[in-house]
Amino acid sequence: MWQRVAALIVKEFLALLKDPKSRFVIVIPPMIQLLVFGYAATYDLNDIPYAVYNEDPGAEGRELLAGFRLSPHFREIAHLSHDADIAPLIDKREVLLVVHIGPRFSRDLATAQSASVQVIVDGRNSNTALLALGYVRSIVHRFNDQWAARHGQPKPPAQLEMRAWFNPNLESRWFIVPGIVALLTLVVTMLVTALSVAREREQGTFDQLLVTPFRPAEILLGKALPGFIIGIGEATVIVLLAIFWFKVPLWGSLLTLYTGITLFLVSAIGVGLMISSLAVTQQQGLLGAFFFLVPAIILSGFATPIANMPSFIQKITLVNPMRYFMEILRGVFLEGMPFLMLVDQFWPMAVIGGVNLTLAGWLFRRRLY
Amino acid sequence: MKRQEGSKGTLGEPSRGGRLMRLRGLVRKEFLQILRDPSSIAIAFVMPVVLLLLFGYGLSLDAEHVPLAVVVEEPSAETASFIGSFQQSRYFELVPLSNMRQAEQALREHRVKGIIYLRENFARQRRSIGAAPVQIILNGVDANTARLVQGYVNGAWEKWLELEARSNGVPLTIPVQVSERVWFNSELRSQDYLVPGLIAVIMTLIGALLTAMVMAREWERGTMEALLVTPVAIQEVLLGKLVPYFVLGMGGLILSVGTAVGLFAIPLRGSVVVLFAASSLFLLAALGMGLLISIVAKNQFVAGQIAIIVTFLPAFILSGFIFDIGSMPWPIQMITHLIPARYLVAILQTVFLAGNVPSVIWPNGAALLLMAILFLSLGRWKSHKRLE
């Protein structure tokens with residue numbers, strides 16, 4: 001039996017890699033995309049462009065502004081001298097925020113021990129706005145602490161000491177890059193499997209395959225294994241790049257990681273072959289692939305946490321194999337999660353893969369048009 | 001094939017009316033094809049609404065009810081008032097645990113996102129040195145959420161300071177207070193910024209999906225050769241393909257905008273005309289890209305593969321729809337200029353939330369026009385009326 005399956009695999013690889021365009025598409029773009037997306041997909045803000053509108057003649061205003069200038073997160077773009085200059089700069093998105101110090105700032109601080117500084121933020125990207133406001137507050141906090149110490153004011157009755165586990169500098173790249181492993185592995189397996197049966201069906205070669213002495217299980221294996229081999233290879237390269245190029249720490253064991261990769265590939269191939277065997281034409285196969293890929297990626301927790309979703313959408317994510325793989329990747333990479341703690345993530349992928357592969361094998365025989 | 005350059009040839013220069021009639025015939029043929037295989041209609045009308053609903057609700061960066069473990073080693077009135085300020089916040093859901101070992105276990109098992117730890121000497125230190133340390137430990141894996149939670153923790157702490165000062169009868173003097181004004185999205189709802197961008201991502205998908213396979217299909221099935229022997233020029237064939245899909249795509253766009261405004265209550269502060277003008281330019285670029293893919297690939301298998309790779313993920317990650325382009329390293333920022341969705345995202349976010357800002361609309365609109373011309377003429381250039 002294995003000899004026959006091996007022959008099928010060879011045939012499948014030939015069909016896949018014979019066309020130089022197809023060969024290129026499977027190998028090169030995922031590598032380029034990892035590099036580009038690895039750098040592009042970040043929530044961290046550097047160089048927030050801001051403008052200063054300082055009406056205060058005193059030294060305190062300048063001191064506060066020095067805090068912004070010295071911060072690595074901000075980049076000063078302009079000094080304004082009129083109220084009317086604020087709106088055009090923000091509208092055009094040339095600056096994300098404007099720091100406005102009123103004319104009585106130093107005087108208020110000296111007489112009433114309290115003054116206020118106005119910060120106008122562009123809220124079109126609410127996440128960026130929130131993070132930028134966080135940085136603004138911490139700069140003002142530091143100023144306040146120094147000012148209070150200098151003027152003999154009492155310290156606040158409690159101090160917060162914040163620490164972050166697993167990712168002490170809160171680099172969002174550490175969060176995103178392991179996710180890209182899942183993203184690109186899924187895309188590549190879909191490319192290899194989702195159109196494969198539909199193409200043979202459209203060209204009529206699938207009927208030929210069915211009249212050979214191959215059993216459906218063998219045909220299924222012959223279709224699934226090439227996707228699996230390509231997927232494992234691709235995942236390995238991406239994991240290596242994540243570790244050695246992007247310097248994401250890998251605390252957990254490779255065994256746990258590869259158990260996750262294997263089960264994820266099985267589930268993804270299951271879905272791909274299922275789509276492929278449902279589709280009558282390649283166009284339907286492509287559509288099916290998109291209809292699965294796009295929601296699977298968006299509802300996987302790759303970019304936005306599943307915990308933020310409303311509960312009925314959280315329920316939908318339970319059938320998404322990528323959701324489990326995402327947890328495994330981040331758990332193994334950043335938290336060093338042991339094998340046993342991830343069992344709850346392993347078995348749903350095995351179930352999804354098993355069900356889909358069985359259905360696909362069954363459909364091979366039924367859908368004879 | 002002598003008449004490579006289409007109707008410019010000397011052979012039988014067709015009258016204007018003849019060309020129009022031919023075009024009408026081609027458009028009609030394409031429409032019939034669409035009607036026979038209703039999957040195109042499903043792509044154009046059903047997919048945008050389904051995706052917009054799913055993602056509009058599903059994509060959110062607003063963390064609320066974040067579970068935090070609370071470990072108070074020696075409960076007292078002071079610790080109760082401190083914890084009280086966190087209880088009132090809608091951002092947290094507190095889980096009282098009796099010791100740090102349990103709390104750390106809960107953090108490792110993802111049952112909580114963080115720990116608030118008040119040591120036994122909290123009350124004493126408060127009274128003696130005036131500043132008791134409070135330890136906050138967060139799970140930093142999701143760095144963005146962790147940062148937002150840090151902000152919320154700071155907010156709760158400030159509220160507590162204020163309450164404490166008031167109950168002690170000493171007015172709290174904070175030297176410099178920040179008064180924040182958030183323009184365009186004062187509640188900082190992430191939905192308001194994500195949904196307009198989503199429309200661009202979804203339209204990229206629709207545009208490319210609609211056209212990516214059509215030319216390749218004609219080549220593969222041999223019907224292209226049948227078209228080649230007729231007197232129609234190649235640009236007429238292309239135009240005949242574009243017109244019906246453009247109509248379908250615009251239909252999908254109208255549905256998406258309607259859903260965004262009607263269901264998600266995203267304010268539409270700019271003009272509808274600008275919105276549709278920019279979107280139709282974008283749609284032309286997206287359809288052009290799809291056509292180019294199918295012409296270059298010549299077979300549906302490869303066309304499908306390329307469409308999957310070059311449309312969705314770049315539009316998702318490089319368009320500024322969710323990840324801020326300004327924070328990317330400059331070589332990547334250069335690359336984002338090649339993604340048509342980038343320009344539409346900028347226009348949509350502005351037109352929806354800020355209104356008609358000419359300094360955003362004109363340059364981005366011009367870029368869209370350029371992309372449309374580029375892709376369509378590349379498609380025209382790559383398609384020949386000859387057999388290989």
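1. In this predicted model, the buried residues of helix α15 of chain B are V360(B), I361(B), N364(B), G365(B), L368(B), M371(B), A372(B), F375(B), L376(B) and G379(B). They pack against three helices of chain B, namely α10 (234-262), α11 (272-297) and α14 (340-354).

2. The same check can be made on helix α11 of chain A, residues 254-278. Its 25 residues should span 36 Å at 1.5 Å a residue, and the separation of the end C-alpha atoms is 36 Å, which agrees. This helix is mostly covered, with 19 of its 25 residues buried.

3. One packing partner of α11(A) is helix α7 of chain A, residues 172-193. The two helices pack at an angle of about 35°, and their axes are 9 Å apart. The crossing of α7(A) and α11(A) is right-handed. From α7(A), the residues in the contact are T185(A), L186(A), T189(A), M190(A) and T193(A). On the α11(A) side they are F264(A), L265(A), A268(A), I269(A), G272(A), L273(A) and S276(A). By class, the residues of this contact divide into seven nonpolar, five polar and no charged.

4. Chain B is divided into two domains: domain 1 comprises 15-59 and 189-382, and domain 2 comprises 66-167. Taken over C-alpha atoms, the centres of domain 1 and domain 2 of chain B are separated by 49 Å.

5. The contact between the chains takes 98 residues from chain A and 93 residues from chain B. On the chain B side, the largest share comes from helix α6(B), residues 143-167, with 13 residues. The side of chain B that touches chain A has 57 nonpolar, 25 polar and 11 charged residues.

6. T145(B) is a residue of helix α6 of chain B. Is T145(B) buried or exposed? It has 25 other C-beta atoms within 10 Å, and the threshold for a buried residue is 20 or more, so T145(B) counts as buried. Leaving aside neighbours within four places in sequence, T145(B) is in contact with P305(A) and A63(B), which gives this residue a partner in each chain. The C-alpha atom of T145(B) is also 7.7 Å from that of L61(B), although the two residues are 84 residues apart along the chain.

7. F184(B) is not a glycine, yet its phi is positive, near 75°. F184(B) has 23 other C-beta atoms within 10 Å and is therefore buried.

8. The other is L188(B), placed in the loop between β5 and α7 of chain B. L188(B) has a positive phi of about 55° and is likewise not a glycine. How many C-beta neighbours does L188(B) have inside 10 Å? The count is 19, and a buried residue needs 20 or more, so L188(B) counts as partly exposed.

Definitions and conventions: Residues are numbered from 1 along each chain as its sequence is written. Chains are lettered from A and ligands numbered from 1 in the order in which they are written. This is a predicted model: local features need pLDDT of at least 70, side-chain atom pairs count only at pLDDT 80 or more; totals for chains, interfaces and linings use all residues. Helices (H or I, at least four residues) and strands (E, at least two) are DSSP runs, numbered from the N terminus. The expected span of a helix is 1.5 Å times one less than its number of residues. A residue is buried if 20 or more other C-beta atoms lie within 10 Å of its own, exposed if 12 or fewer, and partly exposed in between; C-beta atoms are placed from the backbone. Axes are lines fitted to C-alpha atoms, for helices over the stretch in contact, and angles run from 0 to 180 degrees between N-to-C directions. A crossing is left-handed if the near helix is turned anticlockwise from the far one by less than a right angle, and right-handed if clockwise. Two residues are in contact if their C-beta atoms, placed from the backbone, lie within 7 Å. Ala, Val, Leu, Ile, Met, Phe, Trp, Tyr, Cys and Pro count as nonpolar, Asp, Glu, Lys and Arg as charged, and the others, Gly among them, as polar. Domain bounds come from an automatic or database domain assignment.
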